[in-house]
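Colleague: Please take one part of this model and go through it closely. I would like the metal site, and then whatever connects to it along the chain.

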Amino acid sequence: MLIKCPWCGDRALQEFSYQGDATVARPPEPADPADANWDDEWYQFVYLRDDPKGWHDEVWHHIQGCRKHFKARRHTVTHVIADTAPMSEELKGGDK
Ligand SMILES: [Zn+2]
């Protein structure tokens, strides 16, 4: 399987590390960490993830190459990658 790094081009899967769901938004920092709402938003941010069947936006790390993080839109059933992009850019392709 090849993954297209936005900076290096197509490289073998073994050069990359999956870093997680790119759609999860970090909750705002509480003024005092003891005030974090662990029953709701922080609990969901740290522990809960969707398990989608279909297109999913993910964060990948080119750990054995340029060592940059980027986003990829991957189909979780076929593993086809429709697009990759730097973290600051939008992904295209797939049916999202
Ligand atoms: Zn790279």
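**The zinc site and its surroundings**

Modeller: Along the chain, the donors of the zinc ion are spaced C-x2-C-x53-H-x3-C. Keep in mind that this is a predicted model. The coordinating atoms are SG of Cys 5, SG of Cys 8, ND1 of His 62 and SG of Cys 66. Their distances to the zinc ion are 2.1 to 2.4 Å.

Now the geometry. The angles subtended by the 4 donor atoms run from 105 to 118°. The arrangement is tetrahedral because all angles must lie between 85 and 135 degrees for that label, and these do. For four tetrahedral donors, the ideal angle at a metal is 109.5 degrees.

The site ties together distant parts of the chain. Cys 5 belongs to strand S1 (residues 2-5), while Cys 66 lies in the loop between S4 and S5, and the two are 61 residues apart. Cys 5 has a relative accessible area of 1%, so it is buried. Cys 66 has 26% and is partly exposed.

Strand S5 (residues 69-75) is joined to S6 by 5 bridges. In S6, Ile 81 stands opposite Arg 74.

Next, the rings. The model has 4 aromatic pairs. One of them is Phe 16 with Phe 70, edge-to-face, at 5.8 Å centre to centre and 85° between the planes. This pair also links distant parts of the chain: Phe 16 is in the loop between strand S2 (9-12) and S3, and Phe 70 is in strand S5, 54 residues apart. Both Phe 16 and Phe 70 are buried.

Another edge-to-face pair is Tyr 18 with Trp 60, at 5.6 Å centre to centre and 70° between the planes. Here Tyr 18 sits in strand S3 and Trp 60 in strand S4 (residues 55-61), 42 residues apart. Tyr 18 is partly exposed, at 42% relative accessible area. Trp 60 counts as buried because its relative accessibility is 8%, and buried means under 20%.

The charged end of Arg 49 sits over the ring of Phe 45, 5.9 Å from the ring centre.

Conventions: Residues numbered from 1 in each chain as written. Predicted model: local features only at pLDDT ≥ 70, side-chain atom pairs only at ≥ 80, totals over all residues. Heavy atoms only, no water. Pairing = 2+ DSSP bridges. Helix = DSSP H or I, 4+ residues; strand = E, 2+ residues; numbered from the N terminus. Phe/Tyr/Trp six-rings, centres within 6.5 Å; stacked < 30°, edge-to-face > 60°. Buried < 20%, exposed > 50% of the residue type's maximum accessible area, 1.4 Å probe, protein only. Lys NZ or Arg CZ within 6 Å of the ring centre and 35° of its normal. Donors = N, O, S within 2.8 Å, 3.2 Å for Na, K, Ca; no water. Tetrahedral: all angles 85-135°; square planar, octahedral: opposite > 155°, others 65-115°.
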